[in-house]
Amino acid sequence: MKYGRRLRKGVVAWAVAAAGVRVFIAQPEHCATVTDASLRHAIDETIAWATRTQGDDGRWIYKYDTVTDGEVAGYELVRHAGLILALNQAGAAGFDRALVPAERANAYARRFLVHRDDWTALGNIDAPTTPIDIGASALWLAALSYERSPDLDTMRGLARFLAVNVFANGSVAEKWDPATGQPKPGEFSPFFTGETMWALARMHRLAPTEGWDHVVDRILRYVATERDEAEGWFPPLPDHWVSYAFGEITTWRTLDRDEAAYAVRVGELESLQIRYESQRTNSWFSKLTRGNQALGAGVGAMTEALGALWRASGRDPRLRDTHDVLGERAQCAAAQLLARQIDEREAQRYVRPAAVQGTWLHDGKTQIDDQQHATSGLLAVLEIING
Amino acid sequence: MGELAQFAPNSNPPLTASLWLSIALFVTVVNSPLRREAVRKAGASSTITWIGVIALAWFSGPLLDRLDVSAPNWRIATGFVLVAAAVIDLTGKRVEPLLFRPEIGALALQTGRDHGVLPTALAAAIGLATLALWRHQSKPLGRAVALAQIGLAVLLLLDGVFAL
């Protein structure tokens, strides 16, 4: 073949390959720079939303539909507790305005406390005699741990309830059954195990001589070595609550090889998710090749996980090599949140601007855990960029 | 490998794919048993190819940053390109005589980004050296090398998927 023709053919091959790779495989990852100011503004907007949309009884609109301008039925205390958690985390980080809606929401939660034996649980709203979700108590315990003067008596009661629901092998029940007075065996939540571990780790930070770390260690051993297979989670869970737990555990001890390997695996799963999510723009072509953008709660959870693992990797020698890249991925995740939060100008397009400004919408709806996870994630990245 | 690692910007597992994998892929991409005769007849230059690889490795960091593509995602892209190229080698009627093909470019960017310029130069030199060292044209062996490339490329792709 003549040289000129071969060269032209080569150039065409390069052009076609480069275009194909760029268009279908190596799409740009939109990781804009995040700043202290942009993060603080976003957090302030969510706190303002939580203040504006909170009812006199301390509840929020659980799920708001912008199309019907209505509230989608249902209210779960686990997510109510989750939003208190985010607000208390904000309060602990110096966002004082978060404390008012948090305290009103606390007052609402206290209406549903269940006391039995030596423990306290956050019960159910609709049917007090039905099995109690473990997660609501775990998240509320974690929320209380961020208060400036934590209510240690209530926290101990909640911690005892959580400990009752941890089985000998370290697995955690999804529900406690009042009919039997026992945790329900054989049913597991993808979230409650990590929430329980983290909440008890927070308890240990505040009461380090009471032995809560032993329960934490038992759960972590189970999660790190057998949980996904034993409970049938496939693909493996990118457990952001366990990531939070790592952030606490590394304040009092180093991780062993299995635990560190598990932390890295969670980081890899979170990284995979955010590298993919950051390519999504919601254009027609992006939807075709990458799907719809994830919920605010989803991106928020990725951000929380990466931030928590960054925290852990700053302390644990086995994770030190991962510190910088975890920080980068967390900032990329925060960039998605900042880009997608509804600002004041965008909110005017909706029937009820006050209900959407500061939120994250998905298919025209926002749920309180969108704001919960996003706010917690943004707070974590604020810590990263401020060193 | 430890000595070479000092020249790499970031060669600590679990953050990068193995340099050995890149070396093996340079060997399979050159695919001397399949391509040697065609390259010789066309007069394609190993030296120019090697220089091209080094240039791409040199600019890999700034280029991928400019394109907003992270190192793990470029590993995934390279894996796909290498699989496609191997499929073409397996099924194509003609053997492509060009050495500096898109798949070697993708591999140069990936190795450069993950391991640095000098390790990439070495890996490419090893791959290109097989043209001189392997003196027997063999389509069956060339096809076996292409099959091996598919397996190795999938490893690279998976490494990129499950990377931090």
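A:Cys332 is buried, with a relative accessible area of 5%; buried stands for under 20%, exposed for over 50% and partly exposed for what falls in between, using a 1.4 Å probe and protein chains only. Its partner in a disulfide is A:Cys31, at 2.0 Å from S to S, where a disulfide is a pair of cysteine sulfur atoms within 2.5 Å. Because A:Cys31 sits in the loop between α1 (3-25) and α2 (36-52) of chain A and A:Cys332 in helix α14 (residues 323-340) of chain A, the pair ties together parts 301 residues apart in sequence. The link is left-handed, with -55° about the S-S bond, and the structure holds one disulfide over all chains.

A word on the ground rules: this is a predicted model, with local features needing pLDDT of at least 70 and side-chain atom pairs counting only at pLDDT 80 or more, while totals for chains, interfaces and linings use all residues. Residues are numbered from 1 along each chain as its sequence is written, chains are lettered from A and ligands numbered from 1 in the order in which they are written, and side-chain values use heavy atoms, leaving out hydrogens and water. Helices (H or I, at least four residues) and strands (E, at least two) are DSSP runs, numbered from the N terminus.

Here is how some residues compare in accessibility.

| Residue | Relative accessibility | Class |
|---|---|---|
| A:Cys31 | 37% | partly exposed |
| A:Gln293 | 16% | buried |
| A:Asp117 | 70% | exposed |
| A:Asn282 | 35% | partly exposed |

Let's take A:Gln293 next, found in the loop between α12 (284-290) and α13 of chain A. A polar atom of its side chain lies 3.1 Å from the backbone oxygen of A:Arg280. Not counting residues up to four places away in sequence, A:Gln293 touches several residues, including A:Asn282, A:Arg340 and A:His362; contact here means heavy atoms within 4.5 Å.

A:Asn282 itself belongs to the loop between α11 and α12 of chain A. A:Asn282 has a positive phi of about 70°, although it is not a glycine. A:Asp117 also has a positive phi, near 50°, in a residue other than glycine, and its place is the loop between β3 (113-116) and β4 (119-122) of chain A.

One more backbone detail: the peptide bond joining A:Phe234 and A:Pro235 is cis, with omega about 0°. A:Pro235 falls in the loop between α9 (227-231) and α10 of chain A.

Definitions and conventions: Polar contact = N/O pair within 3.5 Å; in protein donor to acceptor, adjacent residues only side chain to side chain.
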